[in-house]
Amino acid sequence: MTDVRVAGVGLTHFGSHPERTGRDLFAEAALNASEDAGVPRDDVDELACGNFMGALAERQGHLAPLLAEAAGLSCPATRYEEACASAGVAVRQAVRLLRSGEADVVLAGGMERMTNLGTAEATEGLATAADELFEVRNGVTFPGAYALMARAYFDEFGGTREDLAHVAVKNHANALDNEYAQLRNEISVEDALESPPVAEPLHLYDACPFTDGAAALVLVSEEYAREHDLDAPVAVSGSGQGGDALALADREHLARTPAAGRAAREAYADAGVDAADVDLAEVHDCFTIAEVMALESLGFYEPGEAVGAARRGETTADGDRPVNLSGGLKAKGHPVGATGASQIAELTRLLRGDHPNADRVPDAEVGVAHNAGGTVASAVVHVLEVVA
């Protein structure tokens, strides 16, 4: 089994791009990744891409060959759909291809275009990641679903809206210097607490925005990197995936995300590390409560302990284990089908030292990316390590 190196990363600006198509966004990210890697496009053996709502937002199915063509590739291409975890799954499949020896170079990434739909239609589209028969027909939206999870967490473990506000403040602060971030504005705890309610106890600043954007990674085998003298010091050393019941009503716990726990344990075992070895993390904070539950599922905190982590300064940029130095989904943005690849791109830049926030973690060697689908019915975790 071969190691997998991140040879190059590419991102678009995350935000509203009404004048652009999804294929255009992905082409930009793929070109940026190829230039960063210094790998000829003719060497790419396969494309693995994530996308969730292309058929709704752009009335376009059969996206994979279209995105391959846009990226200037002539290779087999496959689209992976796992709601918000789509790109994470695409990266996981790319890692498997490289480890098995079936490929030497894989372009992995994702794309989503959402803002053209408008709030109501985009909300309806996102709801298709929930159980249509037992949740969507009864009016469940994802703000409502995560509000239920937040209420369950507060009931079981305690915590307050102010604890969640500190998560939002932290992630907005982290996004200020990130040129790819959508919301580069500083907020206060008071701003978060006084923002309009979305679904109690969650308010506007507890939620990530609708976002257009794309992310791409050039992943190569260790042998290819060595033979072509690539500067690729970051490796994907661990990969794991977990699942859970789709509907919240069918779960044993609303305040925990066991799918992410299973994915984390698998990824740690694969990499030969444990939670204590992790220096920084990019986690799926579609809502502030989601970051809290992610930190517990990743083994950084016992159940009930993570809700105060941002308030205590433990997960801030200057904390013991910074979380979401990119700004997270909360402030960087959440183009659903691209997020999982974007997290790995951001971690790679942080570990290589060329991210604007890299000076906050100058000695970091191990990072974790946590990508979740829906209300965490799907979860993918990757471990990244500096290896050379």
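Student: Hi! Let's start with Arg-349: is it buried or exposed?

Tutor: Arg-349 is buried, with a relative accessible area of 6%. Buried means under 20% relative accessible area, exposed means over 50%, and partly exposed lies in between (1.4 Å probe, protein chains only). This is a predicted model, where local features need pLDDT of at least 70 and side-chain atom pairs count only at pLDDT 80 or more, while totals for chains, interfaces and linings use all residues. Residues are numbered from 1 along each chain as its sequence is written, and side-chain values use heavy atoms, with hydrogens and water left out.

Student: Where does Arg-349 lie?

Tutor: Arg-349 lies in helix H13. Helices (H or I, at least four residues) and strands (E, at least two) are DSSP runs, numbered from the N terminus.

Student: And what is Arg-349 in contact with, beyond its neighbours within four places in sequence?

Tutor: Among them are Val-9, Leu-11, Tyr-180 and Pro-356. Contact here means heavy atoms within 4.5 Å.

Student: Which residue forms a salt bridge with Arg-349?

Tutor: Glu-179 does, with the closest N and O atoms 3.4 Å apart. The pair links distant parts of the chain, 170 residues apart: Arg-349 is in helix H13, and Glu-179 is in the loop between helix H7 (161–175) and helix H8 (189–194). Glu-179 is partly exposed, at 36%. Salt bridges that share partners join Glu-179, Lys-332, Glu-346 and Arg-349 into one network. A salt bridge is a side-chain nitrogen of Lys or Arg within 4 Å of a carboxyl oxygen of Asp or Glu.

Student: What about the side chain of Glu-346 and that of Arg-349?

Tutor: Those two side chains make a polar contact at 2.8 Å. A polar contact is a pair of N or O atoms within 3.5 Å; within protein, one must be able to donate a hydrogen and the other to accept it, and residues adjacent in sequence count only if both atoms are side-chain atoms.

Student: How many salt bridges does a search of the whole structure find?

Tutor: It finds 18. One of these pairs Asp-36 with Arg-352, whose closest N and O atoms are 3.0 Å apart. That pair also links distant parts of the chain: Asp-36 is in helix H1 (residues 22–37) and Arg-352 in helix H13 (residues 339–352), 316 residues apart. Asp-36 is partly exposed at 33%, and Arg-352 is partly exposed at 25%.

Student: Which residue forms a salt bridge with Glu-28?

Tutor: Arg-20, with the closest N and O atoms 2.8 Å apart. Arg-20 is buried at 16%, whereas Glu-28 is partly exposed at 28%.

Student: New topic! Which charge lies over the face of Phe-14?

Tutor: Lys-332 lies over that ring, 4.4 Å from its centre. Arg-321 lies over the face of Phe-300, at 4.0 Å from the ring centre. A charge sits over a ring if NZ of Lys or CZ of Arg is within 6 Å of the ring centre and within 35 degrees of the ring normal.
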